[in-house]
Amino acid sequence: MRINSMKVLGQAIRARRKELGYTQQEMAEYCGCGTRFVSDLENGKETIQFGKALDVASMLGLDLSIDVRGQRGE
């Protein structure tokens, strides 16, 4: 999945949370953040703390990578 906006990142986080069967409350407790943060993240809020978003993604087993446009990953 190409992550090119906070909205797309939020959709990926929401999909993974649901795949794992967590509620927003459970995920917030597991990740050590508030439910408001989880909701804002899943809704693509542009001003969330990116470091915290990366922590949540990592705790859900998601990896993010950066690729140079026009070049295929090896």
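1. A search of the whole structure, which is a predicted model, returns one aromatic pair. The partners are Y22 and Y30, whose ring centres lie 5.8 Å apart. Their planes meet at 25 degrees, and the pair is therefore stacked, since planes under 30 degrees apart count as such.

2. Are the two tyrosines of this pair buried, partly exposed or exposed? Y22 is partly exposed, with a relative accessible area of 27%. Y30 is likewise partly exposed, at 44%. Both values fall in the partly exposed class because that class lies between the buried limit of 20% and the exposed limit of 50%.

3. A further ring is involved in a contact with a charged side chain. The charged end of K52 sits over the ring of F37, at 5.0 Å from the ring centre.

4. The largest pocket holds about 610 Å³ of space. Its lining consists of 20 residues, and those closest to the pocket centre are M1, R2, I3, N4 and S65. Two elements, α1 (6-20) and α4 (50-59), each give two or more residues to this lining.

5. Which element supplies the largest share of the lining of the largest pocket? That element is α1, with four residues.

Definitions and conventions. Residues are numbered from 1 along each chain as its sequence is written. This is a predicted model: local features need pLDDT of at least 70, side-chain atom pairs count only at pLDDT 80 or more; totals for chains, interfaces and linings use all residues. Side-chain values use heavy atoms; hydrogens and water are left out. On a 1 Å grid over the protein atoms alone, a cavity is a set of points where a 1.4 Å probe fits but cannot get out, and a pocket is an open set with protein on both sides within 12 Å along at least five of seven lines; lining residues have an atom within 4 Å of a point. Grid points are joined across faces, edges and corners, and a volume is the space filled by probe spheres set on the points. Rings of Phe, Tyr and Trp (its six-membered ring) pair if their centres lie within 6.5 Å; planes under 30 degrees apart count as stacked, over 60 as edge-to-face and the rest as tilted. Buried means under 20% relative accessible area, exposed over 50%, partly exposed in between (1.4 Å probe, protein chains only). A charge sits over a ring if NZ of Lys or CZ of Arg is within 6 Å of the ring centre and within 35 degrees of the ring normal.
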